[in-house]
Structure formats: C-alpha cells, structure tokens
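Hi,

Here is the structure I said I would pass on. Have a look at it first, and my notes follow below.

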Amino acid sequence: MAEQDLGRTRRRRWPVPPSLLVGLAPLVVFAAVSAWRSRPSDDYPTLGQTVESVVRSLVVPEGIAVVALALVVTGLGWWRIATTDPHRSRLRWAALAPVLILLVCLVRLPLVDWSALPVRYFLLLAVGVLFVGCFEELLTRGVLLVGLRRRLPEFGVWIASCVLFGLLHLLNALAGAGVGATLVQVVFAASFGSTLYVARRVTGSLLLPVLLHAFWDFGSIALSATTDVQDPSKIVSVGLVGLFSFGVLALGVVAGGVVAWRDDRPRRLRRRWRTVPPMAAGAVPGAEPRLPAVTR
C-alpha cells in the first residue's frame with residue numbers, strides 16, 4: 001500500500017511547474033538552430049516552389065521539429081495547459097477575426113493554378129504546412145503562453161507572444177530574404193499571431209490556430225509557386241485579396257487586445273478595491289479611537 005501511495009505521489013509530481021524560463025527555452029533553442037542552419041547561399045524566395053524544395057525545406061525539417069517539440073511537451077507534462085484554455089472568451093464579435101481569415105484562405109484557392117504542378121506537390125505541401133502549423137502554434141501559442149502567464153498579466157502575454165512570433169521571422173533574412181521584405185513579414189506575422197491568439201481564446205483549444213496557420217501557409221506558398229506574373233488579371237486579384245487580408249489582420253490586432261484586456265479586468269478591480277488595513281491595529285472593539293497628543 002505504501003509503495004502504491006509513493007507511486008501516485010511521483011506521478012503527480014511528474015509535470016514540470018510552469019515557469020517563464022521553461023516557456024522561453026524552446027523558442028530560444030529553435031531560433032539558435034535556425035540561425036545555425038542558415039547559409040548565405042540560401043534562396044528564401046524559392047522555398048516551396050518545387051516538389052524537392054517542399055520536401056527539403058518543409059516536410060523533413062518541420063517534421064523533425066514537431067517530433068522534438070512533442071517530446072519536450074510530453075516531458076514537461078504541459079499538453080493540457082499548452083493546448084487548452086479552461087475559460088473561453090465571451091466576446092463573440094472577436095470570433096469574426098479568425099472567421100474572416102478562413103474566408104481569405106478559401107477565396108485564394110480558386111486563384112491557384114492547380115495544373116501548373118503535379119498532384120504530389122500539393123499533397124506534400126499540405127503535409128509540410130500542417131507540420132509548420134503544429135510546430136509554430138505549439139511553440140508560441142502553446143508553450144510560450146504557459147511561460148508568459150507565470151509572470152505577466154494576460155494583456156502583456158498577448159503583446160509578448162505576438163511580438164516574439166513576429167521577431168522569430170527575422171531569421172528569414174539569414175535564409176536569403178531581403179531586409180525590407182523581412183521587416184514587412186515581421187509586422188505581418190505579429191498581426192497574424194494576434195488573430196491566432198483570438199482563435200485559441202474563443203475556442204479554448206489550439207486546434208483552430210493550427211489549422212488556420214497551415215491553411216494560410218498553403219495558400220500563400222501555392223499562389224507564389226503557380227501565379228503567372230505575366231497575367232495582369234491574376235496579379236490584380238491576388239493584390240485585392242492581399243489588401244483585404246491586411247484589413248482582417250488589423251481587426252485581429254484589435255480583437256486580441258480587447259480579449260486580453262478584458263481578461264485582466266478582475267485583477268485590475270482587485271487592485272483598485274483592495275482592503276485597507278485598520279488605522280489602529282489592536283484597538284479594543286467598540287472603543288473610540290484615541291487622538292494623538294498635540295505637541296507644542
């Protein structure tokens with residue numbers, strides 16, 4: 001009986017307590033590995049343009065990253081807290097941001113030239129972007145959120161998670177992306193991260209952010225690989241969808257900020273109306289307060 005009680009105690013103590021350092025560690029390790037793997041000869045604009053590129057740049061490295069991060073989360077015992085929120089946001093209008101992102105993803109599908117590349121390209125691309133969605137969402141909207149919530153109010157968690165997700169894309173400059181294009185991508189990713197944060201908060205699960213992330217990347221890469229730059233109508237259509245996307249992302253930033261700020265309202269009220277200690281500790285109940293003696 002004693003051995004069984006000891007075994008239960010050990011199982012309860014197995015999960016690692018949430019902390020900021022542990023939450024940041026996988027992000028730092030991933031950034032370091034990505035910087036180490038980058039080469040000056042890398043050509044980021046051609047990423048995912050061919051079957052070989054999809055396998056080499058997405059399926060294999062992202063698949064390895066997903067397995068490695070899954071082992072880390074299993075060891076930490078953070079699967080439940082990293083993938084679910086016990087309290088969903090009650091702001092129903094905030095759900096409009098991820099819904100519109102889904103709409104953008106659907107609208108882009110007819111713009112893809114499905115005959116330009118073999119079927120296996122699109123199948124492999126779907127697998128690759130699903131790995132990307134699983135890894136990056138579990139990393140930033142999962143493990144990172146758990147760590148940030150140990151030290152910051154929810155509004156600070158929202159800001160920090162979006163900013164760090166955006167800054168993570170600075171690594172693309174080491175892989176051959178232009179500096180200007182990289183800075184635009186950083187701002188775009190931070191805004192997109194806010195919409196994905198809202199998706200987690202309104203559903204209480206990491207599943208929708210993973211699927212939205214993968215769906216978005218699929219459309220972006222497939223469009224880039226099949227769009228004919230000589231076709232003015234196609235370029236105009238893609239441009240209009242892009243402009244609408246920026247408006248949707250702006251809505252996502254507003255929605256994310258409001259959701260996080262609303263979550264902190266009980267904490268702000270507690271600070272505003274916290275109990276004031278009595279003026280005379282130890283005074284006899286019912287006795288009149290003694291006034292201090294006047295000195296000349």
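A quick definition before the fold: helices here are DSSP runs of H or I with at least four residues, strands are runs of E with at least two, and both are numbered from the N terminus. On that basis, the elements run α-α-α-α-α-α-α-α-α-α-α from the N terminus on. That makes 11 helices and zero strands in the protein. Keep in mind that this is a predicted model.

Some overall numbers for you. The protein has 296 residues, and 39% of them count as buried. If you take the contacts with a separation of 6 or more, 85% come from residues 24 or more positions apart.

Which residues make it? I159, V163, L167, L170, V179 and L183 do, and together they form a patch of about 510 Å². Two helices, α7 (154-168) and α8 (179-203), each supply at least two of the patch residues. The biggest contributor is α7, with three residues.

Is L183 buried or partly exposed? Its relative accessible area is 48%, so L183 counts as partly exposed. Patch residues need over 30% relative accessible area, and L183, at 48%, is above that cut-off.

Cheers

Definitions and conventions
Residues numbered from 1 in each chain as written. Predicted model: local features only at pLDDT ≥ 70, side-chain atom pairs only at ≥ 80, totals over all residues. Heavy atoms only, no water. Patch = residues over 30% accessible without salt bridge, like charges linked within 9 Å, V, L, I, M, F, W, Y side chains within 5 Å. Areas by Shrake-Rupley, 256 points an atom, 1.4 Å probe, with all protein chains shown as cover. Salt bridge = Lys/Arg side-chain N within 4 Å of Asp/Glu carboxyl O. Buried < 20%, exposed > 50% of the residue type's maximum accessible area, 1.4 Å probe, protein only. Contact = heavy atoms within 4.5 Å.
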